[in-house]
Amino acid sequence: PTTTVKPPQTTTTSTPTTLPASPFIDVPATHFAFEAICNVAACGIMTGFQDGSFRPEDEVKRAQVAKSLVLAVGGHTEALEVRGSPTFSDVPCDGLAYPYDYVEEAAALGIVQGVGDGRFKPYDDVTRAQFALMVVRAGGDALRRPPVDYSPGFSDVPAYAAEAVRVACFNGLFSGVAPGVFGPHELASRAQVAKVISVLLVLMK
């Protein structure tokens, strides 16, 4: 039999009579990820757009996730990570911090890996399984390891992401998209990424 372990519980408070002002025109205080979005924005980990929006339902690129996680773990330096040859053939050194420098830093920290042919595909949308892998690598020793018989109860997680999803769910970073369904190939939204990274920041304190 599997061990049922509940993820860390979040503290709930009563709803204030006056909702706080939102830093983004499309993220009201009633949005499910409002606090998380405010948190990552205040930390400079994720930013909005020139029109004042955050676009919480937009998909997130693999390079964007690499950047956000590097910033979350404090792994970014101002110096450009110049190497004899780039780690990934499709992320060349162009003298700019994004995406090259952040992807190189993420690779050096073990947060990201390629897609198996020397490429990173920086502008592909990140899937939930890919994001779980990156987040667990970023969290490292700050994350609790689940007991061997712990199962989050999903039947659709591919083998390559199974342990990462176990660890992520055990630490309260992820939940399913439906009962018994993780949705590993679904795309992660900006709001979801903000919420997960916000929890990760607390776990790493």
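The dialogue below takes ring pairs, charges over rings and helix packing in turn.

Modeller: This is a predicted model, in which local features need pLDDT of at least 70 and side-chain atom pairs count only at pLDDT 80 or more, while totals for chains, interfaces and linings use all residues. Residues are numbered from 1 along each chain as its sequence is written, and side-chain values use heavy atoms, with hydrogens and water left out.

Biologist: Why is the pair of Phe24 and Phe54 called tilted?

Modeller: Rings of Phe, Tyr and Trp (its six-membered ring) pair if their centres lie within 6.5 Å; planes under 30 degrees apart are stacked, over 60 edge-to-face, and the rest tilted. By this rule there are six aromatic pairs. The centres of Phe24 and Phe54 are 5.1 Å apart and their planes stand at 50°, so this pair is tilted.

Biologist: What makes the pair of Tyr150 and Phe170 edge-to-face?

Modeller: The planes of Tyr150 and Phe170 are 65° apart, with 5.1 Å from centre to centre, and the pair is therefore edge-to-face, the class for planes over 60 degrees.

Biologist: Are Tyr150 and Phe170 buried or exposed?

Modeller: Both Tyr150 and Phe170 are buried, as are Phe24 and Phe54. Buried means under 20% relative accessible area, exposed over 50%, and partly exposed in between (1.4 Å probe, protein chains only).

Biologist: How do you know that the charged end of Arg55 sits over the ring of Phe49?

Modeller: A charge sits over a ring if NZ of Lys or CZ of Arg is within 6 Å of the ring centre and within 35 degrees of the ring normal. The charged end of Arg55 is 3.8 Å from the centre of the Phe49 ring. Arg128 lies over the face of Phe182, at 4.4 Å from the ring centre.

Biologist: Why are α2 and α4 called roughly parallel?

Modeller: Helices (H or I, at least four residues) and strands (E, at least two) are DSSP runs, numbered from the N terminus. Axes are lines fitted to C-alpha atoms, for helices over the stretch in contact, and angles run from 0 to 180 degrees between N-to-C directions. Angles under 35 degrees count as roughly parallel, over 145 as roughly antiparallel, 65 to 115 as roughly perpendicular and the rest as oblique. The angle between α2 and α4 is about 20°, with their axes 11 Å apart; α2 and α4 are therefore roughly parallel.

Biologist: What is the angle at which α4 and α5 cross?

Modeller: The axes of α4 and α5 cross at roughly 65° and come within 9 Å. That makes α4 roughly perpendicular to α5.
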